[in-house]
Amino acid sequence: MCLGIPGRVVEIPDGYHGQIAVVEVSGEKRQVNIGLLDEDQPAAPGDWVIIHMGFVVEKTDADGAERAMAGLRLLGSGEQS
């Protein structure tokens, strides 16, 4: 199991062989590697993704992103469900 942070793709910059995306996470933009995604389903602006250690490990939807963020908030609170 890994901890993944949800983010939304805002840009796929030119260059980098299509391996880099700019993703917004909690209002902050950062560059992440999208090279682990299946070539048949590449990331595009507007897509929700799960990021682990700077790599996008999967695509998700808005509901999946919210559930992931809720889990992270729960972990940060120190509470048990």
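Is Q19 buried, exposed or partly exposed? Here are some notes to read beside the structure, starting with that residue.

1. **Q19.** With a relative accessibility of 33%, Q19 counts as partly exposed; here buried means under 20% relative accessible area, exposed means over 50%, and partly exposed lies in between, using a 1.4 Å probe and protein chains only. Q19 sits in the loop between β1 and β2. Its contacts, leaving aside neighbours within four places in sequence, are V32, N33, I34 and G35, where contact means heavy atoms within 4.5 Å.

2. **What you are looking at.** Please keep in mind that this is a predicted model, in which local features need pLDDT of at least 70 and side-chain atom pairs count only at pLDDT 80 or more, while totals for chains, interfaces and linings use all residues. Residues are numbered from 1 along each chain as its sequence is written, and side-chain values use heavy atoms, leaving out hydrogens and water.

3. **Overall layout.** The chain has one helix and five strands; these are DSSP runs numbered from the N terminus, with helices being H or I of at least four residues and strands E of at least two. Starting at the N terminus, the order is β-β-β-β-β-α. The radius of gyration is 13 Å, close to the 12 Å that the globule rule gives for 81 residues, so the chain is as compact as a globular protein of that length. That radius is taken over C-alpha atoms, and the rule is 2.2 Å times the number of residues to the power 0.38. Buried residues account for 27% of the 81 residues.

4. **The helix.** α1 covers residues 62-77, 16 residues in total, and spans 22 Å from its first C-alpha to its last, close to the expected 22 Å at 1.5 Å a residue. The expected span is 1.5 Å times one less than the number of residues. G64, A65 and M69 are the buried residues of α1. They cover an arc of only 135 degrees around the axis, which puts them on the same side of α1; the arc is that of the directions from the helix axis to the C-beta atoms. Their cover includes β1 (5-11), β4 (48-52) and β5 (55-60).

5. **The core.** Eleven residues form the largest nonpolar core: V9, A21, V23, V25, V32, I34, L37, A43, V49, I51 and V56. Such a core is a set of buried Ala, Val, Leu, Ile, Met, Phe, Trp, Tyr and Cys residues joined through side-chain atoms within 4.5 Å. β2 (20-25) and β4 are the elements that give two or more residues to this core, and β2 gives the most, with three. Not counting residues up to four places away in sequence, A21 touches V9, E11, I12, P13, R30, Q31, V32 and I34.

6. **F55.** This residue belongs to strand β5. F55 is partly exposed, at 36% relative accessible area. Beyond its neighbours within four places in sequence, F55 contacts N33, L36 and I50.

7. **Two backbone angles to look at.** Most residues other than glycine have a negative phi. H17, though not a glycine, has a positive phi of about 55 degrees; H17 lies in the loop between β1 and β2 and is exposed at 80% relative accessibility. S26 also has a positive phi, near 50 degrees. S26 is in the loop between β2 and β3 (28-33) and is exposed, with a relative accessible area of 62%.
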